[in-house]
Amino acid sequence: MKVAVVILNWNGRALLERFLPSIVAYSQAADIYVVDNASSDDSVSFLKSEYPLIGIIQNITNGGFAKGYNDGLQSIDADVYCLLNSDVEVTPNWLDPILDTFKSIPDAAIIQPKILDLNHKEYFEYAGAAGGFIDKLGYPFCRGRIFQALEKDEGQYDDTKEVFWATGACMFIKRDVFKLLNGFDEDYFAHQEEIDLCWRAKNAGHKVFYAGKSHVYHLGGSTLKNMDPKKTFLNFRNSLYSITKNLPGKRAFAIIFLRLLLDGIAALRFIFQFKFNHCIAILRAHLSFYTNFRKLYKKREKANFILKYYSTTSIVWSHFVHQVKNFNILVKD
């Protein structure tokens, strides 16, 4: 099984300098590539000078996460792509459990490892933790992370488990599946495009797994901090995008109506917190959604919608009303 570790870079010379050593040292079973999204810093010259064996693919424009990978992966020959953020520190033998899972579960199309916080290594990290899920209204959460509540890693998620979505911070995906799905939806630009990709994969009959015997450390927030208004805009908008595209019509419309109401409540909450830029970001997200609705609706997958896509009815109610902060309390296997 030929593996390509592919790192998307945009003006990330400092991150490459910091994180490439572990990737090179512990990824000898894979080819390593950097896809550069039209950086204006000296990232490319640094790579050519310090890492001449790493493949470099230079995109003409910065199309964000989605287009960046879509363009870059066209030039890479591999059976499995590992899409790896430039701010991830990998560990010895991190590839072995992933490849073992692909071999032992033939219908596994997408796999992620355990994602831990680089600055607090005993805790799970926000972007992916121990595998992603969504609730009935389409809100994403993870084993090990519910909204901003992060669990301590005590071995509770050292298993191999089917999940709903895998994080784009470290996602392994079979090339044939990536191509079958036409890659990421470039209208997302960044954030939650991996949830849409996994949702479309599951609608097409593929499976997504988490392999807890492999772990990496993610710095996080290198592009946008968790509470950046631009990230608020992308997350609120792109979540509506995914619901529109990936659910049967009647259910999609009902959930969109509820989500718009709940988004309004979230906007009021931001006002009470004096976070006015985040309130404006939600309004902008809705305007963008309305503007692009017809285009989104045409992208809908036409067959085999999975009806049991959610793991709990409302993560918002469970977390903010009942104060649930632990996945194993929220969802019982």
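Let's start at threonine 167, which touches Gln112, Ile115, Ala127, Gly128 and Glu194, leaving aside residues up to four places away in sequence (contact means heavy atoms within 4.5 Å). Before going on: this is a predicted model, where local features need pLDDT of at least 70, side-chain atom pairs count only at pLDDT 80 or more, and totals for chains, interfaces and linings use all residues. Residues are numbered from 1 along each chain as its sequence is written, and side-chain values use heavy atoms, with hydrogens and water left out.

You'll find threonine 167 in the loop between strand S11 (160-163) and strand S12 (170-174). Strands (E, at least two residues) and helices (H or I, at least four) are DSSP runs, numbered from the N terminus. Threonine 167 counts as buried because its relative accessibility is 1%; buried means under 20% relative accessible area, exposed over 50%, and partly exposed in between (1.4 Å probe, protein chains only).

Now hop over to glutamate 194, in helix H6 (residues 193-203). Its contacts include Trp165, Thr167 and Phe184. The side chain of glutamate 194 also reaches the backbone nitrogen of glycine 168 at 3.1 Å, and a polar atom of that side chain lies 3.3 Å from the backbone nitrogen of glutamine 192.

Last stop: isoleucine 271, which sits in helix H8. What does isoleucine 271 count as, buried, exposed or partly exposed? Isoleucine 271 counts as partly exposed, because its relative accessibility is 31%.

Note on methods: A polar contact is a pair of N or O atoms within 3.5 Å; within protein, one must be able to donate a hydrogen and the other to accept it, and residues adjacent in sequence count only if both atoms are side-chain atoms.
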